[in-house]
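Here are some exercises to work through with the model open beside you. Try each task on your own before reading its solution.

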Amino acid sequence: MGGMPLNDMPWWRWRAHVRSALHMLSDPVFQQECWLAGREGYGDVTDAVYRLVEDTWLDNWSAEKYVGTIFRDSQEAALVDVAVLRVLRIMHQVGPDAPVAVYLEHHGWPEAVRAARDAHVRLAQNDGEDPDAPPRSLDALALMARAV
């Protein structure tokens with residue numbers, strides 16, 4: 001995978017978590033085959049949302065705050081902000097403990113998926129990775145975060 005390595009960013013582990021969450025939130029096939037099917041190793045929607053915002057506090061302030069540490073530029077940050085707002089709006093409406101199907105059937109879900117996809121594609125391409133590769137398992141994410 002040519003291009004920039006993920007770990008060239010100062011807070012690359014946080015970037016990895018944000019990217020993982022956006023990847024899962026942006027892939028409807030993954031959501032059907034893993035989350036809805038209850039496949040082990042990938043968490044669920046709530047887990048992805050928390051991965052997106054827990055370390056970064058993106059539920060409290062703009063991703064722009066992290067340009068140069070987690071995000072490479074203002075365009076990445078703007079796309080992440082849109083995705084966070086769309087996903088959090090749904091989570092607040094359905095509740096964090098709602099079953100996966102409730103999220104996937106929410107009228108705003110396709111818009112949230114699109115916003116997550118836009119952000120995911122930008123971040124993946126900027127890291128020199130294929131945005132269409134399947135999402136990594138949480139175990140693979142943990143191993144990657146321990147590397148380097």
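**Exercise 1.** Decide whether Trp61 is buried, partly exposed or exposed, and do likewise for Trp57.

*Solution.* This is a predicted model, so take the values as computed from it.
- Step 1: Trp61 has a relative accessible area of 33%.
- Step 2: The relative accessible area of Trp57 is 45%.
- Step 3: Buried would need a value under 20% and exposed one over 50%. Trp61 is therefore partly exposed, and Trp57 is partly exposed as well.

**Exercise 2.** Describe the ring pair that Trp57 and Trp61 form, then look at the backbone of Trp57.

*Solution.* A pair of aromatic rings is described by the distance of the centres and the angle of the planes.
- Step 1: The ring centres of Trp57 and Trp61 lie 5.5 Å apart.
- Step 2: Their planes make an angle of 20°. Planes under 30 degrees apart count as stacked, so the pair of Trp57 and Trp61 is stacked.
- Step 3: In total, the structure holds 7 aromatic pairs. Elsewhere, ring pairs join Trp11, Trp14 and Tyr66 into a cluster.
- Step 4: Trp57 sits in the loop between α3 and α4. Its phi is near 60°, a positive value in a residue that is not glycine. Most residues other than glycine have a negative phi.

**Exercise 3.** Work out how α1 and α7 are oriented to each other, and find which residues make the contact.

*Solution.* Two packed helices are described by the angle between their axes and the distance between the axes.
- Step 1: Helix α1 and helix α7 (residues 138–146) pack at about 160°, and their axes are 10 Å apart.
- Step 2: Angles over 145 degrees count as roughly antiparallel, so α1 and α7 are roughly antiparallel to each other.
- Step 3: The crossing of these two helices, α1 and α7, is right-handed.
- Step 4: From α1, the contact draws on Trp12, Arg13, Ala16, His17, Ser20 and Met24; from α7 come Leu138, Leu141, Met144, Ala145 and Arg146.
- Step 5: Sorted by class, the contact of α1 with α7 has 7 nonpolar, 2 polar and 2 charged residues.

**Exercise 4.** Describe the packing of α1 on α3.

*Solution.*
- Step 1: Helix α1 (residues 12–25) and helix α3 (residues 45–53) meet at an angle of about 145°, with axes 8 Å apart.
- Step 2: The crossing of α1 and α3 is left-handed.
- Step 3: On the α1 side are His17, Val18, Ser20, Ala21, Leu22, Met24 and Leu25, facing Val45, Ala48, Arg51 and Leu52 of α3.
- Step 4: By class, the α1–α3 contact has 8 nonpolar, 2 polar and 1 charged residues.

**Exercise 5.** Find the surroundings of His120 and of Glu76.

*Solution.*
- Step 1: His120 belongs to helix α6 (residues 109–126). With a relative accessible area of 2%, His120 is buried.
- Step 2: Beyond four places in sequence, the contacts of His120 are Arg19, Leu22, His23, Ser26 and Pro131. Pro131 is 11 residues away from His120 in sequence and 6.9 Å away, C-alpha to C-alpha.
- Step 3: Glu76 is in helix α4 and is buried, at 0% relative accessible area.
- Step 4: With neighbours within four places again set aside, Glu76 contacts Arg15, Ile70, Phe71, Arg122, Leu123 and Asn126.

Notes: Residues numbered from 1 in each chain as written. Predicted model: local features only at pLDDT ≥ 70, side-chain atom pairs only at ≥ 80, totals over all residues. Heavy atoms only, no water. Helix = DSSP H or I, 4+ residues; strand = E, 2+ residues; numbered from the N terminus. Buried < 20%, exposed > 50% of the residue type's maximum accessible area, 1.4 Å probe, protein only. Contact = heavy atoms within 4.5 Å. Axes fitted to C-alpha atoms, helices over the stretch in contact; angles between N-to-C directions. Left-handed = near helix turned anticlockwise from the far one by under 90°. Nonpolar A, V, L, I, M, F, W, Y, C, P; charged D, E, K, R; others polar. Parallel < 35°, antiparallel > 145°, perpendicular 65-115°, else oblique. Phe/Tyr/Trp six-rings, centres within 6.5 Å; stacked < 30°, edge-to-face > 60°.
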